[in-house]
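Colleague: Before I use any of these labels, I would like to see the criterion behind each one.

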Amino acid sequence: MASLRASARAPRTPSGRAAVALAAALLVAAGPAGPAAAADDDGFTLTDPRITESSGLAASRAHPGVYWTHNDQDEPRVFAVDGRTGETVATVTLRGVGRPRDMEAVSVGPDGYVYVGDIGDNLNGSWDHVWIYRFREPERLRDTAVDATQYTVRYEDGPRDAEALMVHPRTGRVYVASKNEEGGGLYEGPAKLSAKGTNVFRRIGEVPWVTDGAFSPDGTRLVLRSYFSARGYAWKDGRLGADDRVRAPIQGQSESVTYTADGSALLFGTEGERGRVVRVPVEGTGAAPAPDSSARPSPPSASGAGTASGGEPSGGGSGYTLGLVALGAALLLGLRRLRGRGGGGGAPGA
């Protein structure tokens with residue numbers, strides 16, 4: 001979530017982390033939003049104390065029930081997490097790549113490889129290129145080091161911040177959604193990435209402010225999430241189609257989303273120590289619906305303050321709750337703009 005934090009070299013300004021914390025506190029103050037609030041046992045909690053900034057989430061293809069995640073500003077490593085217990089079952093260190101700047105997303109392709117997007121930009125356009133790392137999913141889940149390929153990426157219309165990288169489950173094509181409070185873009189990579197030279201991603205669609213995204217396992221749908229909502233898009237012939245609201249939790253630092261391997265549910269993750277991953281069944285798949293908490297409200301927490309229906313607080317349409325959500329978003333954006341004016345630069349790349 002680097003775009004909400006000033007670089008370590010930047011002058012002191014109101015930090016994005018403080019903005020998110022304040023917004024989260026306001027959301028918690030709003031209390032349970034209503035019947036769509038998620039049950040405590042509907043998902044899992046990341047237990048590894050090393051995972052404090054989980055910024056991406058992807059269901060493994062090789063190991064059912066396992067999910068890949070990573071910190072954003074960290075060593076070149078990813079963690080394999082058991083979706084039943086939240087425990088780390090393997091730590092994979094990437095060899096052959098440079099020092100990551102801001103890893104923000106992870107996705108698993110149909111080729112059996114894991115793709116990690118080092119695509120964040122602390123100052124929203126200060127780096128003229130970013131990177132994607134690719135490694136084959138290990139056959140055995142254990143702590144190991146693997147050889148990885150590093151791809152250099154540029155956008156055809158100039159540098160920008162991004163936190164969402166999605167690999168299509170049928171074509172293997174890589175897509176990136178940029179992040180901007182006034183609206184971002186969806187970028188399409190070449191049909192095949194090249195480790196030689198630069199891979200130019202071209203803009204093919206307009207999207208809202210996005211912190212992560214995921215294709216459905218059958219490749220017919222793309223879900224994009226932001227801090228306070230999520231939207232689903234029909235996907236056909238490599239282009240966005242009709243969109244609709246997706247039920248998603250409101251979390252303190254809403255960072256990641258992935259489909260389960262069978263497509264029956266979406267998992268939404270958040271940053272922070274012992275980050276909570278919330279499971280939301282996908283309508284029409286026959287999955288069990290989320291428990292109706294109108295009879296037993298779930299208490300709010302810093303990592304999951306309630307669940308929104310279609311990205312909006314559910315319940316009786318409380319103006320108080322809606323006002324706190326709006327105020328939290330406004331404070332987050334305002335502090336982000338102040339931070340952005342402070343200047344500074346990110347860590348040098350490889």
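Modeller: What follows takes some salt bridges and sets each value against its definition. This is a predicted model, where local features need pLDDT of at least 70, side-chain atom pairs count only at pLDDT 80 or more, and totals for chains, interfaces and linings use all residues. Residues are numbered from 1 along each chain as its sequence is written, and side-chain values use heavy atoms, with hydrogens and water left out.

Colleague: Why is the contact of Arg95 and Asp147 called a salt bridge?

Modeller: The term requires a side-chain nitrogen of Lys or Arg within 4 Å of a carboxyl oxygen of Asp or Glu. Arg95 and Asp147 have an N to O distance of 3.0 Å, so the pair qualifies. By this rule there are 16 salt bridges.

Colleague: What makes Asp147 exposed?

Modeller: Exposed means over 50% relative accessible area, buried under 20%, and partly exposed in between (1.4 Å probe, protein chains only). Asp147 has 59%, so the label is exposed. Arg95 has 40% and is therefore partly exposed.

Colleague: How do you know that Asp111 and Arg134 form a salt bridge?

Modeller: Their closest N and O atoms are 3.3 Å apart, so the pair meets the cut-off.

Colleague: Is Arg134 buried or exposed?

Modeller: Arg134 has 19% relative accessibility, so the residue counts as buried. Asp111, at 30%, is therefore partly exposed.

Colleague: Which residues are linked in a network of salt bridges?

Modeller: Asp157, Arg160, Arg203 and Glu206. Arg160 is buried because its relative accessibility is 17%, whereas Asp157 is partly exposed at 35%.
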